[in-house]
Amino acid sequence: MNRRDFTNILGMGTAGLMLPSLPAFSRTVAPEALLETGVDVATKKRLADAAMNAAKSRGATYTDVRIGRYLNQFVVTREDKVQNIVNTESYGVGVRVIADGCWGFAAVVDARSEADTAKAAEKAVAIAKANARLMKEPVQLAPQKGYGEVSWKAPITKNAFEVPIKEKVDLLMEVNGAALKNGANYVNSVLFMVNEQKYFASTDGTYADQDIHRMWPLFTVTAIDPKTGKFETRQSLSAPMGMGYEYLQANPSDKITGITTRYNKGYDMLEDVTAAAKQARAKHAAKSVEAGKYDLVLDPSHLWLTIHESVGHPLELDRVLGYEANFAGTSFATLDKWKSKNFNYGSKLVNLVADKTQVGSLGAVGYDDEGVKCKQWDLVKDGTLVNYQAIRDQVHIIGENESQGCCYADSWSSVQFQRMANVSLAAGKTPLSVQQMIKDVKKGIYIIGDGSFSIDQQRYNFQFGGQLFYEIKNGEIAGMLKDVAYQSNTQEFWNSCAAVCDEKDYRLGGSFFDGKGQPPQSSAVSHGSSTTRFNGVNVINTARKI
Amino acid sequence: MATILTEAEAKTLLQKVLSYSKADECEVNLSGEERGNVRYARNEVSTSGSLTNQNLVVQSSFGKKVGTATIDEFDDASLEKVVRRAEELARLAPENPEYMGVLGPQTYLKANGFFDTTANITPDTRAEAVAKSLQLTRDARLTAAGFMEDRHGYSAMMNSKGLFAYYPSTNVNFSLTVRTEDGKGSGYVARGYSDITKLDTAAATSIAIQKARGSAEARAIEPGKYTVILEPTAAVVLLENVFFNMDARSADEGRSYFSKSGGKSRLGDKIVDERVTIYSDPTNAELPASPWSGDGQAQQKTMWIEKGVVKNLSYSRYWAQKQGKKPLPGPNNVIMMGGNSSLDDMIKSTQRGILVTKLWYIREVDPQTILLTGLTRDGTFYIENGKIKHPVKNFRFNESPIIMLNNLEALGKPERVVSTESDQNYLIPPMKIREFTFTSLSDAV
């Protein structure tokens, strides 16, 4: 499911024309079905072996099989109504092969028998063979040792699918009530829960069974000014997390107090919506920003998206090489810049790390979708570009002899390819709090929450909005601003990084909907940071008269 | 059972499913599809695949309590089981105050969106189509990245009040980015058809090659307000954000561009230049679409904006009843009427302006004005004294399609285009717009 389909399922966007209302290839099921166990591991192994044998007998030199059961639950409400409770299940098998030196892939829904998976394997081989004549050189796959029969489970403490629907509805009704009581005209709130049950098998000898959970509580409140006919919104400051229902139990230590409360590994939805309703109302009276240069103080609930777009994407090796040229684009961070070993991606304070193991993150998993054990590695060290994100058929290009383990497919029906790991900005090494950071800023804007976002296809020029904007004058917060967006250039921006708060402020943000590939696929990814200061960034005013 | 059922086969199956129903109302949706794709980059094929999918959805209701269950097995026992499951879920569900009940029999327009030529595509057909494209880019020492995807399938529905609907369709989309070897030039082309015989990958590739070569060595010019000529591929990604917002409920609730103060909407207001007319019509031969919407309502030819005036906003059946209006489903296709100018005429009549062939990464900055941001991409050219002078570096823009359609200078002939943002196909003319707002420069090629 992509971002727009999701907006649609929630009824939160005004979109809705011509768009599907359910995730593609999913079926709706009863909530209890989400707790049923899927096909057992022994059967999965049998189905996978049948596909691998069939592919081999047709001439495949490599085969991997992904048997996936993907469960989603959405509880969607507005004001005093439950709009929709959707439970979806999608089960099927995708088979990827190399035959005559070329990739081929075929997927089949609801495959239950060895004959089903063998047929998909044969189709994949036929496709590979038909396309082999369009290859200049055969696919070169980095060696990968087989791990045998292994498993991995996300370390959650409360499976969200075990929580009764009524409890979820009651929570959202309470949230909506608080919004309306505190000045919102409308409120849409949602609980979005995901469980990916993935089985991977390859002719390298790995059979990996994995259980992944994700959780995202979110809302939008709208406040209308009847006199002007204008409306303002404020979205939740929650993050989608690789967690279970325990994310909704916030301990005092999970809360970062300040001009508004922000959250770490536990989220207080009721407290946030109460603040949001008041803030949406207050935005009507906020000062419209004067365009110009400002020092920006960016909260992790905002900065994650800037990291995602201006670091995560340009350092994907498939983009650097041109595999995404027809859609997501290429990258300014070309191989010569990396080879020079002195390309200043950012200031000396900037350390950017890729990590597929970070606990609670959306990207955490034991093995990637081509059977590579996951790890952490540096992308930018003390400001210098040092590495990319790469998978098995690419790593030889950057002189590595094993994949970095960041291959992913969003469904059994999609072919796996290089996707972004969690990419995060390391916390500052010297103690620094947000209050201390703001104290040093003469003319600045403090931005909390993510808003609109856009970046060019090589990741130079970007523009970001936000949820909350506060003017900083001579080290003090001087009041709320609106109509703010900043425009910059990736290298210039990261080189303007002047201070990073310490690890006490480090938090994750993230997205369920990182889009890439053709046909497009969505991937869930987290980005961590502490509050960070960037000097002299160009801010524009986005208000228009019609 | 076959994946793609004929109308008669679908009818028989749906009747059987309904025969098991004991609910007050029951509605069944059935669909099947086969998809295939091939993707290439760096002048060779990268990934490709195929997908087979089918689905049966049963919705049962008791009063305003509604339950839905789905299945993809079609033996008698499974069919009865899915109906029982939907009924159990309906009994357990909270009342849905917005549930309007199922519709009775409807009369649908005849739309022809299914072409055997497209349905019969094999992996070899795709490989041949791509080989033609690759031949040209390899010979020209340029680098190609492209994608071709085809789909054929059908959807059908039937309910306990006697409604039956069936629509088969086919589609093929082809897109290609060609870059110069030094990475200084980039050109794009996209084509969408219902009938694959209309797809000429070689001709399309030549266009992308021309743009790639023509866009190399771009010069920087100052951002600011310029007259722009938008090719349909560029215009559509802005305009579709207007279409997506044409919903009565959000307008009436005061939270869309189509809202006015005091709980009113812009329905009936002139919002853009009088040469702007936008409508939907499932029977359009160039852009056929399903003659029924997801809930079984008939799709008619519908004016959305006529001579600059908002003629219709879509009303769900619930919202229509609440507001005392006629329900109107959102369109299944969108067509914008054009004018007489050719792209050449528009360039010739331009003293100083920019030709924009594609836009990228469109996001809404302010929903009150539909202010959008994004960038030009894959071929942007400076026009002076009626001639294309040279390629220019890409710009970021911040502009509203509403403001843009008020600053309309000329319209060309509508073409079928594929939105690079939503993948939807539309019929959209090229257009010339004055005072389009570019806010910064980008080094991206």
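This is a predicted model: local features need pLDDT of at least 70, side-chain atom pairs count only at pLDDT 80 or more; totals for chains, interfaces and linings use all residues.

Trainee: Let us begin with overall form. What radius of gyration does chain B have, and what would a compact globule with 445 residues have?

Mentor: The general idea is to set the value for a chain beside the value that a globule rule gives for its length. A compact globule with 445 residues would have a radius of gyration near 22 Å, and the 24 Å of chain B agrees with that. Along the principal axes, the C-alpha trace of chain B spans about 70 × 60 × 35 Å, and 56% of the residues of chain B count as buried.

Trainee: How many helices and strands are there in chain B?

Mentor: Chain B has ten helices and 23 strands.

Trainee: Into which domains is chain B divided?

Mentor: In chain B, domain 1 covers 7-212, domain 2 is made of 213-240 + 338-441, and domain 3 covers 258-330. The centres of domain 2 of chain B and domain 3 of chain B, taken over C-alpha atoms, are 26 Å apart. Their contact involves nine residues from domain 2 of chain B and seven residues from domain 3 of chain B. On the domain 2 side of that contact, helix H10 (401-406), strand S20 (408-411) and strand S22 (425-428) of chain B each supply at least two residues, with H10(B) giving the largest share, three residues. By class, this side of domain 2 of chain B has five nonpolar, three polar and one charged residues.

Trainee: Which part of chain B carries the UniProt annotation "domain: Metalloprotease TldD/E N-terminal"?

Mentor: According to the unreviewed UniProt entry, that annotation covers residues 26-90 of chain B. In the model, this span is 23% helix and 65% strand, and its end C-alpha atoms lie 11 Å apart.

Trainee: Turning to the other chain, how many residues of domain 1 of chain A are in contact with domain 2 of chain A?

Mentor: In the contact, 50 residues of domain 1 of chain A meet 46 residues of domain 2 of chain A. Several elements of domain 1 of chain A supply at least two residues each to this side, including helix H1 (3-10), strand S7 (206-225) and helix H5 (269-283). S7(A) gives the most, with six residues, and the whole side of domain 1 of chain A that touches domain 2 of chain A has 25 nonpolar, 15 polar and ten charged residues.

Trainee: How many residues does each chain bring to the contact between chain B and chain A?

Mentor: The contact takes 87 residues from chain B and 67 residues from chain A. On the side of chain B, strand S2 (residues 44-62) gives the largest share, twelve residues, and the residues of that side divide into 31 nonpolar, 38 polar and 18 charged. Strand pairing also links the chains: S4(A) and S2(B) run parallel and are joined by three bridges. Val108(A) has Thr52(B) in S2(B) as its bridge partner.

Trainee: Is Asn474(A) buried or exposed?

Mentor: Asn474(A) counts as exposed because it has 10 C-beta neighbours inside 10 Å, and the cut-off for exposed is 12 or fewer. Asn474(A) is not a glycine, yet has a positive phi of about 50°, in the loop between strand S20 (461-473) and strand S21 (476-482) of chain A. Asp483(A), also other than glycine, has a positive phi near 60° and lies in the loop between S21 and strand S22 (484-489) of chain A. Asp483(A), however, is buried, with 22 other C-beta atoms within 10 Å.

Notes:
Residues are numbered from 1 along each chain as its sequence is written. Chains are lettered from A and ligands numbered from 1 in the order in which they are written. Two residues are in contact if their C-beta atoms, placed from the backbone, lie within 7 Å. Helices (H or I, at least four residues) and strands (E, at least two) are DSSP runs, numbered from the N terminus. Ala, Val, Leu, Ile, Met, Phe, Trp, Tyr, Cys and Pro count as nonpolar, Asp, Glu, Lys and Arg as charged, and the others, Gly among them, as polar. UniProt positions are given in the numbering used here, feature names are shortened, and annotations may be inferred rather than shown by experiment. Two strands pair if DSSP finds at least two bridges between them. Domain bounds come from an automatic or database domain assignment. A residue is buried if 20 or more other C-beta atoms lie within 10 Å of its own, exposed if 12 or fewer, and partly exposed in between; C-beta atoms are placed from the backbone. The radius of gyration is taken over C-alpha atoms; the globule rule is 2.2 Å times the number of residues to the power 0.38.
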